[in-house]
Amino acid sequence: NYRERLTNSYVKLTQDKNLKVAYFGGSITVGANHTNHCWRTLIDEWLKAEFPNASIQMINAGAGGTGSTYGAYRVDTEVLPYKPDLVFVEFAVNDGGETIYKNAYESLVRTLLTQDKDIAVVLLFTIVESGHTCQPHMSQIGENYNLPMISLPDSVWVEMQEGRMNWSDYSADQSHPNVEGSIMIRDFVINYFEEVIAAYETSTGAVDKNLPSPVFSGDYADMVFADNTTLEVEATGFTPSDNGHHWFKDGWQFRADTGASLKFNVNCKKLAMIIKVNNAKTFGEAEIYVDGELTGKINSNRSDGWNNPVAEYLIDNAECAEHTVEIVIPEGQKCYF
């Protein structure tokens, strides 16, 4: 199945003369420290050099500090609208091993695979200096859907453990590839793509749209992003906000000590809100009410926060139902939320 999808990308390059490639992930995808020479831009340069007569569009859907829980939402606004032919997915070091990450990652993969367009999906597994990577559970998902997987833990990391490479050969910090590390990733991708091209004659055919049962869950597939242009709310204290950052465009914010409430109705099985978190006492705490019942409190002041977005799930049910949701900032708490 994956070979048919990747072969379609090759056909797009050689016959249709155009290809849309989306790179979906965290700061490694953004290209932290060297945006113009990261693995994403190096692959784009190789494609354009190898197929000079084709029009190739690069879609940078990287967002630093984000993982699959937010990615399950972002795919709706930052990937699918561009109708990509090929998508690289990179969340292996930003995710954790908890169930919610496994479910969200598999769900966004299923979302990509169930589009009308036969998107070719490639999974990229990276690793940090401490050895953290989510490859163990992500590779189970890749195997289930027979997807191509590019693994640094199985290549570069092994070389390091055997003493044939140093971490500094790959990265100048704890996680982000340097230029040499990006070249390694690019070369792994080129090698794989050349294998697909070599097997072109035996890889053509219709793509099987029937997906196997999930390894973990597909419950977060096909999430839809709502904002102040699409969601009708009763707002007291909260004001519509566009702070110029694409993570929080057309959202809401509170900055006072008068208390605030954001109330709306929604028909859903799953619901998350995307909030900005920071390591600052001025970032406040909200009470969450679902159908009039206090279900929890969410604090946006976090020791690991740096103005980054976090997805907090408010509803996680098996069946769709109408709900009334209210986000409340208690009066007297002088804060930003």
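What is the handedness of the crossing of H3 and H8? The crossing of H3 and H8 is right-handed, a crossing being right-handed if the near helix is turned clockwise from the far one by less than a right angle and left-handed if anticlockwise. The model shown is predicted, with local features requiring pLDDT of at least 70 and side-chain atom pairs counted only at pLDDT 80 or more, while totals for chains, interfaces and linings use all residues. Residues are numbered from 1 along each chain as its sequence is written, and side-chain values use heavy atoms, with hydrogens and water left out.

**View 1. Packing of helix H3 against helix H8.** Helix H3 spans residues 39–50 and helix H8 residues 179–198; helices (H or I, at least four residues) and strands (E, at least two) are DSSP runs numbered from the N terminus. Their axes lie 8 Å apart at an angle of about 45°, where axes are lines fitted to C-alpha atoms, for helices over the stretch in contact, and angles run from 0 to 180 degrees between N-to-C directions. H3 and H8 are therefore oblique to each other (under 35 degrees is roughly parallel, over 145 roughly antiparallel, 65 to 115 roughly perpendicular and the rest oblique). H3 contributes Trp39, Leu42, Ile43 and Trp46 to the contact, and residues of H8 in the contact include Val179, Arg186, Val189, Phe193 and Glu194 (contact means heavy atoms within 4.5 Å). The contact of H3 with H8 comprises 10 nonpolar, one polar and two charged residues (Ala, Val, Leu, Ile, Met, Phe, Trp, Tyr, Cys and Pro count as nonpolar, Asp, Glu, Lys and Arg as charged, and the others, Gly among them, as polar).

**View 2. The largest cavity.** One cavity of 30 Å³ or more is found in a search of the whole structure (on a 1 Å grid over the protein atoms alone, a cavity is a set of points where a 1.4 Å probe fits but cannot get out; a pocket is an open set with protein on both sides within 12 Å along at least five of seven lines; lining residues have an atom within 4 Å of a point). The largest cavity has a volume of about 130 Å³, a volume being the space filled by probe spheres set on grid points joined across faces, edges and corners. Of its 14 lining residues, Leu6, Leu86, Phe88, Val189 and Phe193 are the closest to its centre. H3, strand S3 (86–90) and H8 each give two or more residues to this lining, and H8 supplies the largest share, four residues. The lining of the largest cavity has 14 nonpolar, no polar and no charged residues.

**View 3. Packing of helix H4 against helix H5.** The axes of H4 and H5 cross at roughly 25° and come within 8 Å. H4 and H5 are therefore roughly parallel to each other, and their crossing is left-handed. Ser68, Thr69, Gly71, Ala72 and Val75 of H4 make the contact with residues of H5 including Tyr101, Ala104 and Leu108.

**View 4. The largest pocket.** The largest pocket has a volume of about 880 Å³. Ala226, Trp252, Ala272, Met273 and Ile274 are the closest to its centre among 37 lining residues. Strand S10 (260–278) is one of the elements supplying at least two lining residues, and S10 gives the largest share, 12 residues.

**View 5. The second largest pocket.** The second largest pocket has a volume of about 560 Å³. S13 gives the most to its lining, with seven residues.
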